[in-house]
Amino acid sequence: MDQSQLDQIADKLDIRYSVLDNLKDGKSTYRSQIVITNESDIPLDYKSNWKIYFCHIRMVEPGSLPKHNHAELKKEGIRFSHVNGCLFTLEPLKNFTTLKKDESITIKFKCQYYCVARTDLLPNWYIVAGKLEPRIIKCTSDSGLSFVQPFDKPEKWKRFHYKQENGVMRVDKYNPYTPEERFKRNEVEDLGKPGSLVLPMPAKATYLLEKAAALSVDQFTIFSDKELENEALFLK
(Lines give C-alpha, C1' and ligand atoms only; values in the text may rest on other atoms or scores of the structure.)
Protein backbone atom coordinates (compact mmCIF):
# COMPACT_ATOMS: atom_id res chain seq x y z
CA MET A 1 0.00 0.00 0.00
CA ASP A 2 1.29 3.46 -0.88
CA GLN A 3 0.32 6.89 0.45
CA SER A 4 -2.28 7.63 -2.22
CA GLN A 5 -4.00 4.32 -1.53
CA LEU A 6 -4.05 4.96 2.22
CA ASP A 7 -5.47 8.43 1.54
CA GLN A 8 -8.27 6.91 -0.52
CA ILE A 9 -9.10 4.36 2.16
CA ALA A 10 -9.22 7.05 4.86
CA ASP A 11 -11.52 9.10 2.65
CA LYS A 12 -13.85 6.23 1.69
CA LEU A 13 -13.87 3.93 4.71
CA ASP A 14 -17.27 3.91 6.42
CA ILE A 15 -17.42 3.21 10.15
CA ARG A 16 -20.57 2.76 12.21
CA TYR A 17 -20.36 2.41 16.01
CA SER A 18 -23.40 1.03 17.84
CA VAL A 19 -24.26 0.30 21.44
CA LEU A 20 -26.20 -2.99 21.40
CA ASP A 21 -27.07 -3.58 25.06
CA ASN A 22 -26.10 -1.95 28.36
CA LEU A 23 -28.23 -4.24 30.54
CA LYS A 24 -27.61 -7.86 29.54
CA ASP A 25 -24.29 -8.26 31.38
CA GLY A 26 -25.32 -6.50 34.60
CA LYS A 27 -23.12 -3.66 35.82
CA SER A 28 -19.73 -4.86 34.54
CA THR A 29 -19.88 -4.49 30.75
CA TYR A 30 -21.99 -3.43 27.81
CA ARG A 31 -22.16 -4.89 24.32
CA SER A 32 -21.25 -2.87 21.27
CA GLN A 33 -20.26 -3.28 17.66
CA ILE A 34 -18.28 -1.58 14.92
CA VAL A 35 -19.24 -2.08 11.29
CA ILE A 36 -16.49 -1.23 8.79
CA THR A 37 -17.40 -0.93 5.11
CA ASN A 38 -14.71 -0.43 2.47
CA GLU A 39 -16.16 1.97 -0.10
CA SER A 40 -12.79 2.57 -1.76
CA ASP A 41 -11.26 0.75 -4.74
CA ILE A 42 -8.33 -0.41 -2.58
CA PRO A 43 -8.66 -3.85 -0.92
CA LEU A 44 -8.14 -3.72 2.84
CA ASP A 45 -6.13 -6.83 3.70
CA TYR A 46 -3.85 -8.23 6.36
CA LYS A 47 -0.67 -7.71 4.32
CA SER A 48 -1.21 -3.94 4.19
CA ASN A 49 -0.12 -3.74 7.85
CA TRP A 50 -2.86 -1.25 8.79
CA LYS A 51 -4.15 -0.15 12.17
CA ILE A 52 -7.01 2.08 13.21
CA TYR A 53 -6.40 4.29 16.27
CA PHE A 54 -9.43 5.50 18.22
CA CYS A 55 -10.21 7.10 21.57
CA HIS A 56 -12.72 5.20 23.71
CA ILE A 57 -13.46 6.34 27.26
CA ARG A 58 -14.47 2.85 28.41
CA MET A 59 -12.02 -0.04 28.54
CA VAL A 60 -12.42 -2.28 25.48
CA GLU A 61 -12.68 -6.01 26.17
CA PRO A 62 -11.97 -5.59 29.92
CA GLY A 63 -11.72 -9.36 30.31
CA SER A 64 -8.39 -9.14 28.50
CA LEU A 65 -7.29 -5.49 28.52
CA PRO A 66 -5.28 -3.89 30.04
CA LYS A 67 -3.99 -6.97 31.88
CA HIS A 68 -2.89 -8.54 28.60
CA ASN A 69 -1.29 -6.79 25.64
CA HIS A 70 -4.07 -7.68 23.21
CA ALA A 71 -7.65 -8.87 22.98
CA GLU A 72 -8.07 -11.10 19.94
CA LEU A 73 -11.44 -11.74 18.30
CA LYS A 74 -10.41 -14.70 16.17
CA LYS A 75 -13.80 -15.19 14.54
CA GLU A 76 -13.66 -11.67 13.09
CA GLY A 77 -9.88 -11.77 12.55
CA ILE A 78 -9.43 -8.59 14.60
CA ARG A 79 -7.19 -7.61 17.51
CA PHE A 80 -7.72 -4.74 19.95
CA SER A 81 -4.78 -3.25 21.85
CA HIS A 82 -4.68 -0.66 24.64
CA VAL A 83 -2.07 2.02 23.95
CA ASN A 84 -2.54 4.39 26.87
CA GLY A 85 -5.37 6.21 28.62
CA CYS A 86 -8.37 6.15 26.27
CA LEU A 87 -6.32 5.32 23.16
CA PHE A 88 -6.83 1.93 21.50
CA THR A 89 -5.93 0.25 18.21
CA LEU A 90 -7.85 -2.12 15.99
CA GLU A 91 -5.87 -4.23 13.52
CA PRO A 92 -6.25 -7.41 11.45
CA LEU A 93 -5.07 -10.91 12.37
CA LYS A 94 -3.70 -13.32 9.76
CA ASN A 95 -7.15 -14.85 9.26
CA PHE A 96 -8.72 -11.45 8.51
CA THR A 97 -10.94 -11.66 5.41
CA THR A 98 -9.88 -9.04 2.87
CA LEU A 99 -12.43 -6.27 2.47
CA LYS A 100 -12.93 -5.51 -1.19
CA LYS A 101 -14.99 -2.62 -2.53
CA ASP A 102 -18.39 -2.34 -0.78
CA GLU A 103 -17.69 -5.28 1.52
CA SER A 104 -18.21 -4.99 5.30
CA ILE A 105 -17.11 -6.59 8.53
CA THR A 106 -19.13 -6.50 11.78
CA ILE A 107 -17.05 -6.55 14.96
CA LYS A 108 -19.00 -7.29 18.16
CA PHE A 109 -17.19 -6.75 21.44
CA LYS A 110 -17.64 -5.80 25.09
CA CYS A 111 -16.69 -2.61 26.92
CA GLN A 112 -16.60 -1.62 30.58
CA TYR A 113 -19.68 -0.29 32.43
CA TYR A 114 -22.13 1.42 30.06
CA CYS A 115 -22.49 3.95 27.23
CA VAL A 116 -25.72 5.96 26.94
CA ALA A 117 -24.85 9.08 24.94
CA ARG A 118 -23.41 9.85 21.54
CA THR A 119 -20.85 12.13 23.19
CA ASP A 120 -19.38 9.17 25.10
CA LEU A 121 -17.60 8.47 21.81
CA LEU A 122 -14.88 10.69 20.40
CA PRO A 123 -14.25 11.75 16.78
CA ASN A 124 -11.17 11.67 14.53
CA TRP A 125 -10.29 8.01 14.36
CA TYR A 126 -7.22 7.61 12.16
CA ILE A 127 -5.61 4.86 10.13
CA VAL A 128 -1.91 4.07 9.71
CA ALA A 129 -0.06 1.62 7.48
CA GLY A 130 3.63 0.95 8.07
CA LYS A 131 5.67 4.15 7.75
CA LEU A 132 3.07 6.05 5.70
CA GLU A 133 1.61 9.29 7.00
CA PRO A 134 -1.43 8.62 9.22
CA ARG A 135 -4.76 9.85 7.90
CA ILE A 136 -7.96 10.75 9.75
CA ILE A 137 -10.88 8.57 8.69
CA LYS A 138 -13.22 11.11 7.15
CA CYS A 139 -16.51 9.61 8.32
CA THR A 140 -15.41 9.98 11.97
CA SER A 141 -14.24 13.58 11.67
CA ASP A 142 -17.46 15.57 12.05
CA SER A 143 -18.24 17.13 15.42
CA GLY A 144 -21.81 15.82 15.20
CA LEU A 145 -20.51 12.26 15.66
CA SER A 146 -22.75 10.96 12.89
CA PHE A 147 -20.85 7.66 12.82
CA VAL A 148 -22.36 6.81 16.24
CA GLN A 149 -25.71 5.11 15.75
CA PRO A 150 -28.93 6.14 17.57
CA PHE A 151 -29.74 5.16 21.14
CA ASP A 152 -33.25 4.11 20.17
CA LYS A 153 -34.07 1.24 22.54
CA PRO A 154 -34.27 1.02 26.37
CA GLU A 155 -31.31 -1.36 26.52
CA LYS A 156 -29.28 1.30 24.73
CA TRP A 157 -30.24 4.41 26.73
CA LYS A 158 -30.52 2.80 30.19
CA ARG A 159 -27.36 2.38 32.24
CA PHE A 160 -28.08 -0.54 34.56
CA HIS A 161 -30.54 -3.21 35.68
CA TYR A 162 -29.08 -5.67 38.17
CA LYS A 163 -29.47 -7.12 41.66
CA GLN A 164 -27.23 -5.60 44.32
CA GLU A 165 -25.51 -7.55 47.11
CA ASN A 166 -28.37 -6.69 49.49
CA GLY A 167 -30.84 -8.29 47.10
CA VAL A 168 -32.38 -5.00 45.97
CA MET A 169 -32.65 -4.40 42.24
CA ARG A 170 -30.86 -1.33 40.92
CA VAL A 171 -32.95 -0.04 38.04
CA ASP A 172 -32.34 2.97 35.83
CA LYS A 173 -35.67 4.84 35.70
CA TYR A 174 -34.57 7.34 33.05
CA ASN A 175 -36.32 7.47 29.70
CA PRO A 176 -35.87 10.17 27.05
CA TYR A 177 -38.64 12.77 26.96
CA THR A 178 -41.20 12.34 24.22
CA PRO A 179 -42.08 15.49 22.23
CA GLU A 180 -45.31 15.75 24.23
CA GLU A 181 -43.47 15.53 27.57
CA ARG A 182 -40.89 18.08 26.48
CA PHE A 183 -43.63 20.48 25.34
CA LYS A 184 -45.46 20.15 28.65
CA ARG A 185 -42.30 20.71 30.72
CA ASN A 186 -41.43 23.85 28.75
CA GLU A 187 -44.96 25.23 28.70
CA VAL A 188 -45.37 28.68 30.28
CA GLU A 189 -48.47 30.77 30.89
CA ASP A 190 -49.07 33.54 28.35
CA LEU A 191 -49.71 36.68 30.44
CA GLY A 192 -50.85 38.58 27.37
CA LYS A 193 -48.76 41.61 28.23
CA PRO A 194 -45.44 42.44 29.85
CA GLY A 195 -45.40 42.13 33.61
CA SER A 196 -45.03 45.10 35.93
CA LEU A 197 -41.56 46.34 36.76
CA VAL A 198 -40.36 45.11 40.12
CA LEU A 199 -38.12 47.36 42.20
CA PRO A 200 -36.50 45.53 45.11
CA MET A 201 -37.02 47.16 48.51
CA PRO A 202 -34.94 46.25 51.55
CA ALA A 203 -36.90 44.76 54.42
CA LYS A 204 -34.83 46.81 56.85
CA ALA A 205 -32.24 49.57 56.45
CA THR A 206 -29.97 51.26 59.01
CA TYR A 207 -28.21 54.52 58.12
CA LEU A 208 -25.12 55.72 59.97
CA LEU A 209 -24.75 59.34 58.96
CA GLU A 210 -21.33 59.70 60.56
CA LYS A 211 -20.02 56.97 58.28
CA ALA A 212 -21.88 58.02 55.17
CA ALA A 213 -19.89 58.72 51.99
CA ALA A 214 -20.54 61.99 50.21
CA LEU A 215 -20.85 61.37 46.46
CA SER A 216 -20.30 64.34 44.21
CA VAL A 217 -19.73 64.60 40.48
CA ASP A 218 -16.35 66.29 40.88
CA GLN A 219 -15.00 63.39 42.98
CA PHE A 220 -16.00 60.44 40.76
CA THR A 221 -15.69 59.61 37.08
CA ILE A 222 -18.25 57.33 35.49
CA PHE A 223 -17.19 55.03 32.65
CA SER A 224 -19.56 52.81 30.67
CA ASP A 225 -20.02 50.81 27.49
CA LYS A 226 -22.22 52.22 24.77
CA GLU A 227 -25.02 49.85 25.80
CA LEU A 228 -25.13 51.50 29.27
CA GLU A 229 -24.84 55.18 28.29
CA ASN A 230 -28.31 56.05 29.58
CA GLU A 231 -27.56 54.50 32.97
CA ALA A 232 -24.23 56.31 33.13
CA LEU A 233 -25.97 59.66 32.42
CA PHE A 234 -28.38 58.98 35.25
CA LEU A 235 -25.49 58.38 37.68
CA LYS A 236 -23.80 61.57 36.55
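**Exercise 1. A covered asparagine**

Asparagine 38 counts as buried, at 0% relative accessibility. Find the strand that holds this residue, and find which backbone oxygens lie by a polar atom of its side chain.

*Solution.* Begin with the ground rules. The model is predicted, so local features need pLDDT of at least 70 and side-chain atom pairs pLDDT 80 or more, while totals for chains, interfaces and linings use all residues. Residues are numbered from 1 along each chain as its sequence is written, and side-chain values use heavy atoms, with hydrogens and water left out.

Step 1. Apply the cut-offs: buried means under 20% relative accessible area, exposed over 50%, and partly exposed in between (1.4 Å probe, protein chains only).

Step 2. Locate the residue. Asparagine 38 is in strand S2 (residues 29–38). Strands (E, at least two residues) and helices (H or I, at least four) are DSSP runs, numbered from the N terminus.

Step 3. Check the side chain. One of its polar atoms lies 2.8 Å from the backbone oxygen of isoleucine 42. The backbone oxygen of leucine 99 lies 2.9 Å from a polar atom of the asparagine 38 side chain.

**Exercise 2. The sheet and its edges**

Give the strand order of the open sheet. Which strands stand at the edges?

*Solution.* Step 1. Read the order: six strands run S4-S5-S6-S3-S8-S9, with antiparallel pairing. Strands S4 (70–73) and S9 (135–136) are the edges; each has a single partner strand, so one side of each has no neighbour in the sheet.

Step 1. Recall the test for pairing: DSSP must find at least two bridges between two strands. Strands of a sheet pair through backbone hydrogen bonds, either parallel or antiparallel.

**Exercise 3. Strand S6 and its partners**

Trace the pairing of S6 with S5 and with S3. How many of the residues of S6 are buried?

*Solution.* Step 1. Take S5 (residues 78–84) with S6 (residues 87–92): they pair antiparallel over six bridges. Histidine 82 has phenylalanine 88 of S6 as its bridge partner. Phenylalanine 80 stands opposite leucine 90 in S6.

Step 1. Look at the turn. The hairpin of S5 and S6 has two residues between the strands, and glycine 85 there takes a positive phi near 55°.

Step 2. Move to S3. It pairs with S6 over four bridges, again in the antiparallel sense. Here isoleucine 52 has leucine 90 as its bridge partner in S6.

Step 3. Count the cover. Five of the six residues of S6 are buried, and the strand is mostly covered.

**Exercise 4. Sorting the cysteines**

How many disulfides does the structure hold?

*Solution.* Step 1. Apply the rule: a disulfide is a pair of cysteine sulfur atoms within 2.5 Å. The structure holds one. Cysteine 55 lies in strand S3 (residues 50–55) and cysteine 86 in the loop between S5 and S6, so the bond ties together parts 31 residues apart in sequence.

Step 1. Find the handedness. The S-S torsion of cysteine 55 and cysteine 86 is about -65°, so the disulfide is left-handed.

Step 2. Compare cover. Cysteine 55 is buried at 18% relative accessibility, whereas cysteine 86 is partly exposed at 29%.

Terms used: Polar contact = N/O pair within 3.5 Å; in protein donor to acceptor, adjacent residues only side chain to side chain.
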